[in-house]
Amino acid sequence: MRKKFDVAILGGGLLGRLMAWRLARQGHRITLVSAGSREGEGAAAYIAAAMLAPAAEAIDGTALAVQLGYDSLGLWTQWIPQLSTPVFMQQNGTLVVWHAQDGALAQQFSQHLRRAHQGQTIWQDWQAEEISQAEPQLGHRFGRGLFLASEGQLDNRQVLLALANELDQSGVECHWHTTGTPENCAAQADWVLDCRGTGAKSSWNRQGQSQLRGVRGEVLRVYAPEISLNRPIRLLHPRYPLYIAPKQNHLFVIGATQLESEDDGPISVRSGLELMSALYAVHPAFGEARVLESATALRPTLNHENPEIRYDAGQRIVAMNGLFRHGFMIAPAVCEAGLQVLTALMQQQPLPEAAACHGIAVQAMLSE
Ligand SMILES: Cc1cc2nc3c(=O)[nH]c(=O)nc-3n(C[C@H](O)[C@H](O)[C@H](O)COP(=O)(O)OP(=O)(O)OC[C@H]3O[C@@H](n4cnc5c(N)ncnc54)[C@H](O)[C@@H]3O)c2cc1C
């Protein structure tokens, strides 16, 4: 019988909740300390569009992130049914469209896609007829499209809430609206797991190791009762590339921006205008949509744009970070890797091989 441990988890965004859930299922006693709310406010995960888009992300994502994304799709399909609170998950693919004058962008996009998938054509070329069959409300507005069949999406806020419910049911002691540091938690637990996202910046950034920063993202959440879409739509556009992620009940999460800034203040007029103009150009009925919320958050990003796991066996601390702009897409694989590392350290066994960690870098923390 394996020994069970007291584990304090810092940060109850996406990764902290997933880790708490999986560790509690293994029988460990878990305490979760999070600056954010039970619903998820305060986490990048609360703002995210939660698209599971490893094909499209291959355009400018790293090869590792893309692989983690494909690995995680299968894990999400196993894990979501294990949650006792229902969560909207859809795997209807993604449709990429563009206006007639932007055909060159589409050509560039498909060349990048092919290169990122080792010469394979992983999309279907759709004509106006196929687009209007799959998305009747788009009709014949777009003459061509690329369909990425493997992709999916989740409802981010439902995932966060379902995980919080799971934690309550499995007896995890949750302290919401509470901040902590690995050092002060270490005194009260056998092991500390640091999943604070950008909140971990000051302890993560040590000389000689990959640096953590926030990368700003902005979204609108709109209610458009006249519009139904069956899958996320990406619009290729020279100035305003856009994604529209349709959730349940005519709720749409609209986003585009990735700004190299750590300003987490409200959305700018310019971003709002650009998002709304591009949205209106996809379908004029979006003109009547109600803007429920405009929101911004910082994506926890490392220099190499991959996730990383660090440990200090002496202090009994494991830190996981760098989920960047694809946290939902890669979180289950990152979580599996974290569980492998933490279990090996707890049992005083050698660290797992790279393959068991889905290729994620596992490093000792350097002292400051
Ligand atoms: C606009 C936007 C759109 C996105 N869209 C997508 C998408 O479509 N698909 C996708 O896969 N990903 C997307 N993401 C990325 C995804 O949201 C992140 O990668 C993911 O949320 C990172 O998870 P995390 O748990 O590491 O950090 P977070 O979700 O930010 O959670 C960190 C938690 O730590 C807590 N915390 C911070 N400091 C402390 C402290 N001192 N003590 C205790 N708790 C603390 C915070 O309150 C928070 O709850 C998007 C992100 C943004 C901003």
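Here is a walk through this predicted model, from its overall build down to single residues.

Residues are numbered from 1 along each chain as its sequence is written, and side-chain values use heavy atoms, with hydrogens and water left out. Because the model is predicted, local features need pLDDT of at least 70 and side-chain atom pairs count only at pLDDT 80 or more, while totals for chains, interfaces and linings use all residues.

Let's start with the whole protein. It holds 11 helices and 18 strands, where helices (H or I, at least four residues) and strands (E, at least two) are DSSP runs numbered from the N terminus. The radius of gyration is 21 Å, close to the 21 Å that the globule rule gives for 368 residues, so the protein is as compact as a globular protein of that length. That radius is taken over C-alpha atoms, and the globule rule is 2.2 Å times the number of residues to the power 0.38. Along its principal axes, the C-alpha trace spans about 60 × 40 × 40 Å.

What share of the 368 residues is buried? Buried residues make up 57% of them; here buried means under 20% relative accessible area, exposed means over 50%, and partly exposed lies in between (1.4 Å probe, protein chains only). The protein exposes about 15,600 Å², and carbon and sulfur atoms supply 48% of that area. Accessible areas come from the Shrake-Rupley method with a 1.4 Å probe, and for residues only the protein chains shown count as cover. Among contacts (heavy atoms within 4.5 Å) between residues at least 6 apart in sequence, 75% join residues at least 24 apart.

Now look at strand β10, residues 191-194. In a regular strand the side chains alternate between the two faces of the sheet. Both faces of β10 are covered: Trp191 and Leu193 are buried on one side, and Val192 and Asp194 are buried on the other. Strand β10 pairs with strand β1 (residues 6-10) in the parallel sense over 4 bridges, two strands being paired if DSSP finds at least two bridges between them. In this pairing, Leu10 stands opposite Asp194. Strand β17 (residues 317-321) also runs parallel to β10, joined to it by 3 bridges, and there Leu193 stands opposite Val318.

Next come the aromatic rings. A pair of aromatic rings is described by the distance of the centres and the angle of the planes. Rings of Phe, Tyr and Trp (its six-membered ring) pair if their centres lie within 6.5 Å; planes under 30 degrees apart count as stacked, over 60 as edge-to-face and the rest as tilted. By this rule there are 3 aromatic pairs. Trp21 and Trp79 have ring centres 6.0 Å apart and planes at 90°, so this pair is edge-to-face. Trp21 lies in helix α1 (residues 14-25) and Trp79 in helix α4 (residues 63-79), so the pair ties together parts that are 58 residues apart in sequence. Both Trp21 and Trp79 are buried. For Trp126 and Phe147, the centres are 4.2 Å apart and the planes at 15°, so the pair is stacked. This pair links distant parts of the chain, with Trp126 in strand β6 (residues 124-127) and Phe147 in strand β7 (residues 144-148), 21 residues apart. Trp126 and Phe147 are buried too.

Charges also sit over rings, a label that applies if NZ of Lys or CZ of Arg is within 6 Å of the ring centre and within 35 degrees of the ring normal. Arg22 lies over the face of Trp21, at 4.5 Å from the ring centre, and Arg157 lies over the face of Tyr46, at 3.7 Å.

Phe147 leads us on to Gly93 and Thr94. Gly93, in the loop between β4 (89-90) and β5, is buried with a relative accessible area of 1%. Leaving out residues up to four places away in sequence, Gly93 touches Phe147, Leu148, Ala149, Glu151, Arg231 and Pro232. Thr94 lies in strand β5 (residues 94-98) and counts as buried at 2% relative accessibility. Beyond its neighbours within four places in sequence, the contacts of Thr94 include Leu146, Phe147 and Arg234.

Finally, consider the backbone. Most residues other than glycine have a negative phi, and most peptide bonds are trans. Glu305 has a positive phi, near 60°; it sits in the loop between β15 (290-302) and β16 (308-312) and is partly exposed, at 24% relative accessible area. Gln348 has a positive phi near 55°, in the loop between α11 (327-346) and β18 (361-364), and is exposed at 73%.
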